[in-house]
Amino acid sequence: MIKNKINYSQRKFVVGSIFILVAIILLIKLFIIQIVDDSYKLSYENNTLRYITQYPSRGKIFDRNGKLLVYNDAVYDLMVVPSQVKDIDTLSLCKLLNINDSIFNNYLNKASRYSRITPSIFLSQISKEDYGRIAETLYRFPGFYFQTRMIRQYPLSIAAHTLGSIGEVTKPEMDHDSYYTLGDYIGKSGIEKYYEKELRGKKGIKITVVDVHNREKERYMDGLYDTLPESGSDITLGLDAELQAYGEFLMDGKTGSIVAIEPSTGQILAMVTSPTYNPNQLVGRKRGINYSNLLNDPDKPLINRAISGVYPPGSTFKMVNGLVSLQSGVITANTAYPCNGPESTPIKCTHNHYSPVKLIDAIENSCNPYFWQAFQNMIEAKRFENQREAYKFWYDNVTSFGLGRAFKSDIPFTVSGNIPKIDFYDRMYNNVWNALTIRSLSIGQGEILVTPLQLANVAAAIGNEGYYYEPHYIKNFGEQGDSLSQDIPIDSSFITKHVINIRQGHFKSVKKGMQNVFEGQHGTARMSKIPGITVGGKTGTAENPHGLDHSIFMAFAPVDNPQIAIAVVVENAGFGSTWAAPIASLMIEKYIKGQISRPYLEQRVLTFNVTEE
């Protein structure tokens, strides 16, 4: 019995020791909470710690000459934590925000559905003026606070489709990239979309202590757990702002596009689509309304015709067919074919000129029968086993110019156009077809479709005498001369030379013929000749089954060392020599000389308004 009592006493001592130890631990913890670290006390007395996202400054965008195209401006988002919205004067707050109680309840319910305890945007992109007015009395409304955000501004109001826009992130976009949370902004189109990760930077966080009156009191732990935002990378484009603005000026009132490329790099110098819009329309709280208006505009200004408009190239395609015919060996530069003008068959000529003609003269006079006969002789040439093999030769050489495919570069949503494959004609004609069946291909009609971007690239390839670089926007990362440009590499595919399947020597004759289009006695663009600049070009009139023909032109200059290659399409405007050639001529002069020496030609172009006809 004595032994059992001793054991019982020992147990009481152990249990008592445990209780004392627990009590000491709790006292120490309480001492830490109340004396050493007052954040717990502050959180208890003053409701909350506020976690404020510090949004980075989005990277700026410059043109090739350092002109600022896009920069940031501060606006303010009114944030809400629904669980903290208690016993407020709703009527006063609605009056302060200039909204009604129905809108207030809708916004609050939307925020509550997202989260009762996590902050979300209640009212976005409030101006500096309204911010100052609202912030003075916001302490009266627990659960609401302001957060600074940057929005984009476009000082020159040009190149809307190229630069693109930013908008509020969607749920699929948040699911795809955990960087984004509700209310964040993301690039939606153009440069803003393609270079989103480079432009967006990295978010930071600021933790503040907030009192019962919704006022920030101090930084939590003196900012120990705060992180600073990291600004996004600046970007310099190959775009020439002055040339872009001038192109938009010339195309006002017209439907169509202009694409200008630097042949030696593939950088886009100008990409004009018309009708267009002011990029500042898709900024701020009215973005949604303006986007809806643009979307429903019957003129379709949101469509980028430079990359998604497809047209028969017409006579501009004769350059490609001429080069492929030379490569096949069925013609030389001295091969001559007869032409009976409008009496020619099966394809008539639209010009009365001397006959027979050789390649250079055929280009100058835009002779349809010449290119039809060259095409026929190639498809029927004995060097090929059959016409299918001949057509494959033609197809492979034509597509080597970048036709029939979408470019893989930083120009989003480019389309492929169409260079018909053999199986297309097999299906159409039940495997029975010949050169005569597909004769429209010889003059750039029929099933051939190209975009203005592709046509400008063809001009660059001919100007370079057999190669091109994938057309692209980017010049370098960072501002002109910025060391940052050395830190972020440009996509290697943009600086890879694409060599055409045509022997270099064949380009000499074609370039000479294109120069004669401007300088020859019968040149179809002789009225658009530029004093002091040698230009190689080709007019085109593309048949349009839905209305008047399209006016088309492509060119490069100077002929011996091209600095610019260009394509112009003016829809429903008739002959290429009438409208597209003068526009291209003015653009070339503006870029090379920096000014215009033919104001009469400029005025003539400006007085032509297709949309009023």
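Predicted model: local features only at pLDDT ≥ 70, side-chain atom pairs only at ≥ 80, totals over all residues.
**K529.** K529 sits in the loop between α19 (507-519) and β16 (536-542). My helices (H or I, at least four residues) and strands (E, at least two) are DSSP runs, numbered from the N terminus. Leaving out residues up to four places away in sequence, K529 touches F518, E519 and R598; contact here means heavy atoms within 4.5 Å. I also checked N397: it is 132 residues from K529 along the chain, and their C-alpha atoms are separated by 31 Å.

Residues are numbered from 1 along each chain as its sequence is written, and side-chain values use heavy atoms, with hydrogens and water left out.

**K593.** Next I went to K593, which lies in helix α20. K593 has a relative accessible area of 38%, so I put it down as partly exposed. What does K593 contact, leaving aside its neighbours within four places in sequence? I found P531 and I533. K593 and I533 are 60 residues apart in sequence, and 9.2 Å apart in space from C-alpha to C-alpha.

**α20 and α21.** I stayed with α20 (residues 580-593) and looked at α21 (residues 599-607): their axes come within 10 Å and cross at roughly 130 degrees. Axes are lines fitted to C-alpha atoms, for helices over the stretch in contact, and angles run from 0 to 180 degrees between N-to-C directions. That makes α20 and α21 oblique to each other (under 35 degrees is roughly parallel, over 145 roughly antiparallel, 65 to 115 roughly perpendicular, the rest oblique). On the α20 side I see P582, I583, S585 and L586 making the contact, and on the α21 side L601, E602, R604 and V605. I sorted the residues of this contact into 5 nonpolar, 1 polar and 2 charged. For that, Ala, Val, Leu, Ile, Met, Phe, Trp, Tyr, Cys and Pro count as nonpolar, Asp, Glu, Lys and Arg as charged, and the others, Gly among them, as polar.

**α15 and α16.** Another helix pair: α15 (residues 368-379) and α16 (residues 387-399) pack at about 125 degrees with axes 8 Å apart. I call α15 and α16 oblique too. F375, M378 and I379 of α15 meet Q387, A390, Y391, F393 and W394 of α16. The tally for α15 with α16 is 7 nonpolar, 1 polar and no charged.

**The cores.** Which residues touch the most other members of the largest nonpolar core? I got Y391, W394, F401 and I462, out of 130 residues. Such a core is a set of buried Ala, Val, Leu, Ile, Met, Phe, Trp, Tyr and Cys residues joined through side-chain atoms within 4.5 Å. I followed W394: not counting residues up to four places away, its contacts include F317, N321, V324 and I448. There is also a second, separate core of 21 residues, with L78, C94, L108 and L123 among them.

**Q54.** Last, I looked at Q54 in strand β1 (residues 48-54). Buried or exposed, or in between? Q54 is partly exposed, because its relative accessibility is 27%. Residues up to four places away aside, Q54 touches K203, G204, I205, K206, T227 and P229.

Technical notes:
Buried < 20%, exposed > 50% of the residue type's maximum accessible area, 1.4 Å probe, protein only.
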